[in-house]
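Dear colleague,

Please find the structure below, handed over for your use. My findings follow directly after it.

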Amino acid sequence: MSAASLRARYLGDAVATASPQQVLVMLYDRLALDLERAQAAVSAGDRAGTNEQLQHAQAIVLELLSSLRVDAWEGGPRLAALYNWLNGEMVQANVKMDGNRISACRQVVEPLRDAWRQAAASLVGASS
């Protein structure tokens, strides 16, 4: 078995055995990484790389939006609006190769990721 297939198997197992909170944090981690890579690709003038990273980031945001139960809590509609805004900004960033829009998305995603990570950790601490 190659190193790449071992890595893929490890990642697959990690996701399959993760709690829903951990999966959410994993998605945010990857979203933040995609945005960071997209911004680097824009800076390098790499249109294909920018497109690839932003398309993946959009897929994550759309997955987050589709799994969001808007009526389950009072912040649901605002989070849905934020996901829609992120998606629109990423589309425009991709079309215009706009690093400022990617930066704006990162400024929203990274604090959210950190908050979700902290919330997930507190749930683990509360259950033990």
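Met97 counts as buried, because its relative accessibility is 18% and the cut-off for buried is under 20%. Please bear in mind that this is a predicted model. Met97 lies in the loop that joins α4 and α5. Its backbone also deserves a remark: Met97 has a positive phi of about 50 degrees, although it is not a glycine. Most residues other than glycine have a negative phi.

Leaving aside residues up to four places away in sequence, Tyr28 touches Leu64, Leu79, Tyr83, Val109, Leu112, Arg113 and Trp116.

I also examined α3. This helix has 21 residues and spans 30 Å from its first C-alpha to its last, close to the 30 Å expected at 1.5 Å a residue. Its buried residues are Gly49, Thr50, Gln53, Leu54, Ala57, Gln58, Ile60, Val61 and Leu64. They lie on the same side of α3, because they cover an arc of only 160 degrees around the axis. Ala48, Glu52 and Ser66, on the other side of α3, are exposed. At the start of α3, a side-chain oxygen of Asp46 comes to within 3.4 Å of the backbone nitrogen of Ala48.

With kind regards

How values were computed: Residues numbered from 1 in each chain as written. Predicted model: local features only at pLDDT ≥ 70, side-chain atom pairs only at ≥ 80, totals over all residues. Heavy atoms only, no water. Contact = heavy atoms within 4.5 Å. Helix = DSSP H or I, 4+ residues; strand = E, 2+ residues; numbered from the N terminus. Expected span 1.5 Å × (residues − 1). Buried < 20%, exposed > 50% of the residue type's maximum accessible area, 1.4 Å probe, protein only. Arc of directions from axis to C-beta. Polar contact = N/O pair within 3.5 Å; in protein donor to acceptor, adjacent residues only side chain to side chain.
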